[in-house]
Amino acid sequence: MQEADELRRMELETKKELYLKKKEQEEKAKQEQEEPDEASSGPRYAFSVRLGAKDLWKFSMYHSMGGMKGVFNLMFTGVALFLLVARWGELSGGYRALLAVCALIFPVWQPVLLYSKARKQARLPVMQNPMTLTFSEEGLKVEQNEQQVKFQWEQIGRMDAVPSMIVIYMDRVHAYLLPDSVTGEQKEPFCEMARTYLKPSQRRKI
C-alpha cells in the first residue's frame, strides 16, 4: 500500500514538473513573439493618434476633391458661374437662383456636409481611444484598447502624402491617418524609412 502511494506521489510530481516546464517554454515563446520590434536594430517611429473632426474632414475633402472627382467638381462650378455671370440679364429669377445653388454645391455645401459627418464620426466611442502606430524594419504594429495587430511592409496597400497628413491604405476600405500634428519633426525621417521599405508602387508623394 505504501509503495502504491509512493508511486502515485512520484507520478504527480513528474506531471507537475512537466507542466511547469511546458508553461515556461510557452512563456518564452510568447516573449520571443512580442519582442522582435524591441530587438530591431533599425529606427522605430511610434505615433499616438487620436483623430478629431478636423482630421476626418480633411481626409473626406481629399477624397471628394481629388482626382477626376475634383476635376468634375471644378468644371461644374465653373460652368455654373459662367452662365450666371454671362447670362445674368437674360435669366429669370428662378434660373439665377438655380445656377447660384449649383455654383455653391461643391465649394460651400459639400464641405459643410462633410464636416457635419466628420463631427459625428469623431464622437464615436472607437474614435475616443488613442491608437498607437509603431513602424520598424519589421513593418507596422497597431495598438488600441490593449489589442494589437501587426503588418509587414508588403501588406501595406499604399501610403500617400496628402496636404497636412499621411494616409496609410491597407485596402480599399481600411486606412490609417497620420496628421502632421502627430508626426511633427519626425515626418521627414519617417518618410525616408517608408521610401526604404515600400516599393514605388506602394507610395505616392512620399
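Author: On the face of H4 turned away from its buried side sit the exposed residues Gly67, Met68, Phe72, Met75 and Phe82; here exposed means over 50% relative accessible area, buried under 20%, and partly exposed in between, with a 1.4 Å probe and protein chains only. The model is a predicted one, in which local features need pLDDT of at least 70 and side-chain atom pairs count only at pLDDT 80 or more, while totals for chains, interfaces and linings use all residues. Residues are numbered from 1 along each chain as its sequence is written, and side-chain values use heavy atoms, with hydrogens and water left out.

Helices (H or I, at least four residues) and strands (E, at least two) are DSSP runs numbered from the N terminus. Helix H4 covers residues 67–86, and its 20 residues, at 1.5 Å a residue, should span 28 Å, which agrees with the 29 Å between its end C-alpha atoms; the expected span is 1.5 Å times one less than the number of residues. The buried residues of H4 are Gly70, Asn73, Thr77, Ala80 and Leu84. They lie on the same side of H4, because they cover an arc of only 105° around the axis, the arc being that of the directions from the helix axis to the C-beta atoms.

What covers these buried residues includes helix H3 (53–65) and helix H5 (93–122), where contact means heavy atoms within 4.5 Å. Glutamine 110 is placed in helix H5, and at 18% relative accessibility glutamine 110 counts as buried. Leaving aside residues up to four places away in sequence, glutamine 110 touches Ser64, Met65, Asn73 and Ile105, and Asn73 is itself among the buried residues of H4.

Strand E3 (residues 139–144) runs antiparallel to E4 and is joined to E4 by five bridges, with valine 142 standing opposite valine 149 in E4.

Arg158, Asp160 and Arg204 are linked in a network of them: arginine 158 meets aspartate 160 at 2.8 Å, N to O, and arginine 204 meets aspartate 160 at 3.9 Å, N to O. Arginine 204 lies in strand E8 (residues 203–204) and aspartate 160 in strand E5 (residues 158–162), so the pair ties together parts that are 44 residues apart in sequence. Aspartate 160 counts as buried at 0% relative accessibility, whereas arginine 158, at 25%, counts as partly exposed, and arginine 204, at 41%, counts as partly exposed. Another of the salt bridges joins the side chains of arginine 195 and glutamate 188 at 2.7 Å, N to O; arginine 195 is partly exposed at 26% relative accessibility, and glutamate 188 is partly exposed at 48%.

Key:
Two strands pair if DSSP finds at least two bridges between them. A salt bridge is a side-chain nitrogen of Lys or Arg within 4 Å of a carboxyl oxygen of Asp or Glu.
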